[in-house]
Amino acid sequence: MEERSPHDRAERTREFAECVLPEVEMLLRVATTLTARPDHAEELVRATLLRAYRTFERCDGRQPRTWLLTLMYEERTDRRRARGTRPRRDRETGPRPSPAGVSGQSAKPVLVGQSFHEVVDFALAALPVRYRQVVRLVDIDGLSYAEAAGSLGMSEATVKSRLRRARRRIRVRLAAAGLVPGRGER
């Protein structure tokens, strides 16, 4: 391994800070979406940043966000392999949340008095994980389709398809609550 001079190390650290540090907040948001646990998210970001520092010479500096998201995906995949677990399939297990604990009733009477954001939060929570992750990454965290695809290890077309389906499900819930026009009511 080539020995670096103190000046070279300082220059590399400065370049790393300029390129990577502005993306740390985004990495934490994405990791929180992917892991659903703040402590796991922080650990994933730390490991991603360490991996980024070790391989920084491979980054051309033009798209650090995409590069970092790829490293995060690789880190997450390596951790799963090391644990001997396979990635969860996109099936959500357990009962679906119901508004205000009421099941079997129309959602409209329960949701009428609630704010728009509460209805959206409920609709988002009711989505299967495969849809919820895509909505959070693209619509909430502001990632592009390509960046979201890279962080989830899927094609851009799959991200677009899942996002379209998720948005449709959320809109149906908003229409049921009377907050947006229903189908054919525009």
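**Charged pairs and a helix crossing**

A: Start with Arg-81, which is exposed at 62% relative accessible area. Keep in mind that this is a predicted model.

Q: Which residue forms a salt bridge with Arg-81?

A: The general idea comes first. Side chains of opposite charge can pair when their charged atoms come close. Here the partner is Asp-78, with the closest N and O atoms 3.7 Å apart. Both residues lie in helix α4, three residues apart, about one turn of the helix. Asp-78 is partly exposed, with a relative accessible area of 34%.

Q: Which residues join Asp-78 and Arg-81 in one network?

A: Shared partners link Asp-78 and Arg-81 with Glu-43, Arg-46, Arg-51, Glu-74, Glu-75 and Arg-79. Searching the whole structure gives 16 salt bridges.

Q: How far apart are N and O in the salt bridge of Glu-75 and Arg-79?

A: The distance is 3.0 Å. These two are four residues apart in helix α4, so about one helical turn separates them.

Q: Is Glu-75 buried or exposed?

A: Glu-75 counts as buried, at 11% relative accessibility. The cut-off for buried is under 20%. Arg-79, at 26%, is partly exposed.

Q: What does the salt bridge of Glu-74 with Arg-51 tie together?

A: Take the geometry first: the closest N and O atoms of Glu-74 and Arg-51 are 3.6 Å apart. Glu-74 sits in helix α4 (residues 64-83) and Arg-51 in helix α3 (residues 38-54), so the pair ties together parts 23 residues apart in sequence. Arg-51 is buried, with a relative accessible area of 19%. Glu-74 is partly exposed, at 34%.

Q: Now the packing. At what angle do the axes of α6 and α9 cross?

A: Two packed helices are described by the angle between their axes and the distance between the axes. For helix α6 (residues 116-126) and helix α9 (residues 156-176), the crossing is at roughly 135°, and the axes come within 9 Å. That angle makes α6 oblique to α9, because only angles over 145 degrees count as roughly antiparallel.

Q: Is the crossing of α6 and α9 left-handed or right-handed?

A: The crossing is right-handed.

Q: Which residues make the contact?

A: From α6 come Phe-116, Val-119, Val-120, Phe-122, Ala-123, Leu-124 and Ala-126. From α9 come Ile-170, Arg-173 and Leu-174. By class, the contact has nine nonpolar residues, no polar ones and one charged.

Definitions and conventions: Residues numbered from 1 in each chain as written. Predicted model: local features only at pLDDT ≥ 70, side-chain atom pairs only at ≥ 80, totals over all residues. Heavy atoms only, no water. Axes fitted to C-alpha atoms, helices over the stretch in contact; angles between N-to-C directions. Parallel < 35°, antiparallel > 145°, perpendicular 65-115°, else oblique. Left-handed = near helix turned anticlockwise from the far one by under 90°. Contact = heavy atoms within 4.5 Å. Nonpolar A, V, L, I, M, F, W, Y, C, P; charged D, E, K, R; others polar. Salt bridge = Lys/Arg side-chain N within 4 Å of Asp/Glu carboxyl O. Buried < 20%, exposed > 50% of the residue type's maximum accessible area, 1.4 Å probe, protein only.
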